[in-house]
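Please open the structure in a viewer and keep the selection panel at hand.

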Amino acid sequence: MSQVTADRVLETSATTGATAYILSGAVVGYRAFATIPGILAGDIFDYFAEGVNANGTLTGLWEIGVGTWNSNGTISRNVNASSNSNAIIHW
């Protein structure tokens, strides 16, 4: 396990509940987590997630934490702060 830092990584996710983030692909102009050179299962990184509705409007839900890259391309969440009294967000 190593700490990973990468610029211009932004992906969407339609994850529901409090499970690992299932990624849906990079936003135009950004890159996907899977394209970070040398990223391996178990690698960790800081992340920020923000809720957006179907119209692209911010919902006010947010989460900051340490993510763990999983071999199936998902991100496990360890929340440090959130709009849910610093607990994991149930999307």
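**Before starting**

This is a predicted model, in which local features need pLDDT of at least 70 and side-chain atom pairs count only at pLDDT 80 or more, while totals for chains, interfaces and linings use all residues. Residues are numbered from 1 along each chain as its sequence is written, and side-chain values use heavy atoms, with hydrogens and water left out.

**Stop 1: the strands**

Strands here are DSSP runs of E with at least two residues, and helices are runs of H or I with at least four; both are numbered from the N terminus. Two strands are called paired if DSSP finds at least two bridges between them.

Select β3 and β4, which pair in the antiparallel sense over eight bridges. Val52 has Leu58 in β4 as its bridge partner. Five residues separate the two strands of this hairpin, and Gly56 takes a positive phi near 85°.

Next, select β4 together with β5. Their pairing is antiparallel and runs over seven bridges; Ile64 has Ala81 in β5 as its bridge partner. These strands also form a hairpin, with four residues between them, and Gly73 in the turn has a positive phi of about 80°.

**Stop 2: the salt bridge**

How many salt bridges does a search of the whole structure find? The search finds one, where the term denotes a side-chain nitrogen of Lys or Arg within 4 Å of a carboxyl oxygen of Asp or Glu. Select Glu63 and Arg77, whose side chains meet at 2.7 Å, N to O. Glu63 belongs to strand β4 (residues 58-69) and Arg77 to strand β5 (residues 74-82), so the pair ties together parts that are 14 residues apart in sequence. Both residues, Glu63 and Arg77, are buried; on this scale buried means under 20% relative accessible area, exposed over 50%, and partly exposed in between (1.4 Å probe, protein chains only).

Arg77 lies over the face of Tyr21, at 4.3 Å from the ring centre. The rule for a charge over a ring requires NZ of Lys or CZ of Arg within 6 Å of the ring centre and within 35 degrees of the ring normal. Arg8 is placed likewise over the face of Tyr30, at 4.2 Å from the ring centre.

**Stop 3: the aromatic rings**

Rings of Phe, Tyr and Trp (its six-membered ring) pair if their centres lie within 6.5 Å; planes under 30 degrees apart count as stacked, over 60 as edge-to-face and the rest as tilted. By this rule there are three aromatic pairs.

Select Tyr21 and Tyr47, an edge-to-face pair with 5.9 Å centre to centre and 80° between the planes. Tyr21 is in strand β2 (residues 21-26) and Tyr47 in strand β3 (residues 44-52), so the pair ties together parts that are 26 residues apart in sequence. Tyr21 is buried at 8% relative accessibility, and Tyr47 is buried at 9%.

Move to Phe33 and Trp69: the ring centres are 6.2 Å apart and the planes are at 20°, so the pair is stacked. Phe33 is in the loop between β2 and β3 and Trp69 in strand β4, so this pair ties together parts that are 36 residues apart in sequence. Phe33 is buried at 15% relative accessibility, as is Trp69 at 10%.

A nonpolar core is a set of buried Ala, Val, Leu, Ile, Met, Phe, Trp, Tyr and Cys residues joined through side-chain atoms within 4.5 Å. Select the largest one: Val4, Tyr21, Phe33, Ile36, Ile39, Phe45, Tyr47, Ala49, Trp69, Ile75 and Val79, eleven residues in all. β3 and β5 each supply at least two residues of this core, and the largest share, three residues, comes from β3.

Centre the view on Ile36. Not counting residues up to four places away in sequence, Ile36 touches Val4, Ala6, Val9 and Arg31; contact means heavy atoms within 4.5 Å.

**Stop 4**

Select Met1, in the segment before β1 (11-13). Is Met1 buried or exposed? At 81% relative accessibility, Met1 counts as exposed. Leaving aside neighbours within four places in sequence, Met1 is in contact with Gly42, Asp43 and Ile44.
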